[in-house]
Amino acid sequence: MHSHAIVIPTRDKLFNMGEFFRMSPGNIITAILLGIGLILTIMRFTMGIGAVSNLSDNQPWGMWIGFDLLCGVCLAAGGYFTTVACYVMGMKHFHSAVRPAVTTAFLGYLFVVIALLYDLGHPLRLPYMFFFPGTTSVLFEVGLCVATYLTVLFVEFSVAPMEWLAQKFPFLLQWRKFINKCTIILTIFGVTLSTLHQSSLGSLYLIAPGKLHPLWYSAFMPMFFFVSSMAAGGSMVIFEGMFAHKGVHHYMDSTHLREADEVVFSFAKAVSLILFGYFLLKLTDMFVQDNMHHLLSGYGAWWLVEMFGFVLLPCLLYAKGSRERNIKLCRFAAANTVIGIVLNRFNVSMIAFNYALPSSERYFPHIMEIFISMFVVTMIVTAYRFIVYHMPVLYEHPDFKDAH
Amino acid sequence: MNRRKFLTILGTAGVASAMSTARVAEAGGGVHMFPYWENSYGVLHDTTRCIGCRRCEEGCNKVNNLPKPKKPFADLTVCNTRRRTSAYEWTVVNKYSVDGKPVFRKLQCFHCNDPACAAACFAKCFSKNADGSVTYDGTQCVGCRYCMIACPFYMPGFQYDEAFDPLVQKCTFCAPRLKEGKLPGCVEACPMDALTFGRRSDLIKLARARIKDHPDKYLDYIYGEWDAGGTAWMVLGPKASTPPPAGSHGDGEMKALGLDTQIGNRPVAELTYGALGAVPMIVAFWPVLFGGAYAMTKRKEAIHKAEQEAVEKQAKDDVTTALDAAVRKIEETQGQPAADAARKAMTEALKSREALDSCHASSDHGEGK
């Protein structure tokens, strides 16, 4: 099959950068976005947050928190979702999906932290939360969990670069051997930390009952965020798999390609179930909080769009797609879910936040804010490509076949 | 948010700690999570006396060395636009309308008894002091602005224009001046005695007395006595001749002054304590849950493997028995040499099939352990 075409770096030729310098549309767009991002980065750090954003005293958290942090963490949930399915639940046929999922999760979290540096007034003081721990703060818990989980993901991911660099530095194999022994501990540690901070991102907004619209505000926000992160995790594996098959198909080995479809159908079934549960949770919460009368307002209509168009619809599409083994439908449902998750996080952090303020005091992101977010996404994609071109992520390294 | 809803939210937080706070809220009093200073100071703002002269703004600006505004403080038209406090204006006076008559209200940090900003800060920048003030120390501020999300009164401002040392800024209750025995800048500047400085407990008595003496003038509601768990700065509002039809007590009248009576009578930070309390539970139980799931998976795999091995052994035994029987039959009918040749051929055929099987198996489960 395609496995013979994979460029595997050797001891003498450790780098495979040629892919980045071909004049392809992808590379040109990447270069433009990275260029714009660099200029905006200089502006942000020399002229202040106000110079590149529409953030205000009323809306201190905008695009960078709403998209880069909330969506970034949620969409990187594929890491814990896949490792738990494969290692804890023993679904061995997901094995080829684990490394790509862990890689994207690691990159996702890494760039969440990088994006956060743009948003913080004093980015260099980020470690202060460990020196002056504000233990009554939800944000402290989020920070602690994200920092710990990023470390766990780094350790889980590190096997791939070790296999790559072992060509030149054979002592790295000791580390690789050690990590492989710790797989299950790391997985359980990872799912515990993920449960905590995925839900805590929802808890962040518990403190603002008067600011967030009642249809989105709930004592159960932590649970909503956690449950939807599971749906996001499964959907992102399918969603990014779709792009990987387009862009880096020739780096996938026969095992990956053979298992890929089965992964899609299994995850589709699982996510369909989770989305249905999430839909029922939100619906119950709406009745329990006596929010029926809000449904007739504009925000109510918007809530119904989110619930039916981006929760129930992908749920049904997934069910149909996995039942009929229709890969296109499953991928469409995955895209639908991912957009739905982004929509939900936007609603909580921006659209339904400060709903009671007059429109003149409301927030709409500045174009430069959006470009910085796009810059971050471009950096993730570029880093992902670098990893895939060099490390055994989508294929098994011939030296380590059957070794794990 | 009304009280019933507030209790619902607390009650549904599903954690024992939240349940007990709900009971306290029902009793209408308060255990204070932050040290509640019995003799702390406060300021009572009587909006019926305020004339919107902006002297308090000017006084605040002067004693705190804030940058001079574009429009001078003598320009009273700015009161007509809806303004809020910011990093450089720690207090502003806005004009509202009750019964068609203008009412002015001064906005500044309310200096909550149990401040949400302090609970939300993950680097411990805020402190509630014995004198009643809520102060902020910017030297350890990370600039995350969660305090601004948390504040139910939209009070803290952030220096978005500052590139290298942007900080959160808000009214300090003139804490340095209080230490010197001086009044806050705004209180000192007020020509109408609309701002009264004193012990918080005395101010509540004073406000009650004013309401009692002039029941037609004042709305029977001291904003800040219980709102958000109680605040050091409190507001008295005028009574409207035709009270708005809105739901709970004082709701409509206070809303006309831009004050939210739906915040509830508990500190808003308590709404997060149920979720925070669940953290150790998850840390303790998740490893058991997922470790158990892992153990069950392993056990199932082991049972499955043992069963499969038993079946395979049975099949092998069956084949051996059949082979022996066939060879014996050949020996009986065609003699010893033919039987030996047959046994050899059959054994070889079985071996080659086994080899083929194991080859398939390894390519199918090459990634398995």
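This briefing covers the confidence, the chain contact and selected local features of the structure above.

The model is predicted. It scores ipTM 0.91 and pTM 0.88. The contact between the chains takes 50 residues from chain A and 55 residues from chain B. Chain B has eleven helices and ten strands.

**Confidence in chain B**

- Chain B has a mean pLDDT of 85. In this chain, 85% of the residues reach 70 or more.
- Two stretches fall below that level. Residues 6-33 of chain B stay under 50 in pLDDT. The model still gives this stretch 39 contacts beyond four places in sequence.
- Residues 364-369 of chain B also have pLDDT below 50. This stretch has seven contacts in the model beyond near neighbours in sequence.
- Where pLDDT is low, the predicted coordinates should not be read in detail.

**Chain B as a whole**

- Chain B has 369 residues, and 37% of them count as buried.
- Consider the contacts in chain B between residues at least 6 apart in sequence. Of these, 62% join residues at least 24 apart.

**Where chain A touches chain B**

- Chain A supplies 50 residues to the contact, and chain B supplies 55.
- Seven helices of chain A each give at least two residues to the side that touches chain B: H1 (25-47), H2 (49-52), H4 (78-88), H5 (95-119), H6 (128-131), H7 (138-157) and H10 (183-203).
- H10(A) gives the most to this side of chain A, with seven residues.
- By class, the side of chain A that touches chain B divides into 26 nonpolar, 18 polar and six charged residues.

**Helix packing in chain A: H12 and H13**

- Helix H12(A) spans residues 254-288, and helix H13(A) spans residues 298-323. Their axes come within 8 Å and cross at roughly 145°.
- The crossing of H12(A) and H13(A) is left-handed.
- On the H12(A) side, the contact residues include A:Phe265, A:Leu275, A:Phe276 and A:Phe279. On the H13(A) side, they include A:Met307, A:Val311, A:Leu312 and A:Tyr318.
- The contact of H12(A) with H13(A) has 14 nonpolar, three polar and two charged residues.
- A:Lys269 and A:Lys282 in H12(A) are among the residues in this contact.

**Helix packing in chain A: H5 and H7**

- The axes of H5(A) and H7(A) come within 9 Å. They cross at roughly 145°.
- H5(A) and H7(A) make a left-handed crossing.
- H5(A) brings residues including A:Val102, A:Phe106, A:Leu110 and A:Val113 to the contact. H7(A) brings residues including A:Val146, A:Leu150, A:Leu153 and A:Phe157.
- Twelve nonpolar, one polar and one charged residues make up the contact of H5(A) with H7(A). A:Thr103 of H5(A) and A:Glu156 of H7(A) are also among the residues in contact.

**A hairpin in chain B**

- Strand E2(B) covers residues 92-98, and strand E3(B) covers residues 101-107. They pair in the antiparallel sense over seven bridges.
- B:Val93 stands opposite B:Lys106 in E3(B).
- The two strands form a hairpin with two residues between them.
- B:Asp99 lies in the loop between E2 and E3 of chain B. Its phi is near 60°, a positive value in a residue other than glycine.
- B:Asp99 is exposed because it has 12 other C-beta atoms within 10 Å, and 12 or fewer count as exposed.

**Two arginines in chain B**

- B:Arg145 lies in the loop between strand E5 (134-136) and helix H5 (146-150) of chain B.
- Phi of B:Arg145 is near 70°, a positive value in a residue other than glycine.
- B:Arg145 is buried because 25 other C-beta atoms lie within 10 Å, and the cut-off for buried is 20 or more.
- B:Arg177 is found in helix H6(B), residues 175-179.
- B:Arg177 counts as partly exposed because it has 17 C-beta neighbours inside 10 Å.
- Leaving out residues up to four places away in sequence, B:Arg177 touches B:Val63, B:Lys182, B:Pro184 and B:Gly185.
- B:Arg177 and B:Trp226 are 49 residues apart along the chain. Their C-alpha atoms are separated by 27 Å.

Technical notes: Residues numbered from 1 in each chain as written. Chains lettered and ligands numbered in written order. Predicted model: local features only at pLDDT ≥ 70, side-chain atom pairs only at ≥ 80, totals over all residues. Pairing = 2+ DSSP bridges. Helix = DSSP H or I, 4+ residues; strand = E, 2+ residues; numbered from the N terminus. pLDDT = per-residue confidence, 0-100. Contact = placed C-beta atoms within 7 Å. Nonpolar A, V, L, I, M, F, W, Y, C, P; charged D, E, K, R; others polar. Axes fitted to C-alpha atoms, helices over the stretch in contact; angles between N-to-C directions. Left-handed = near helix turned anticlockwise from the far one by under 90°.
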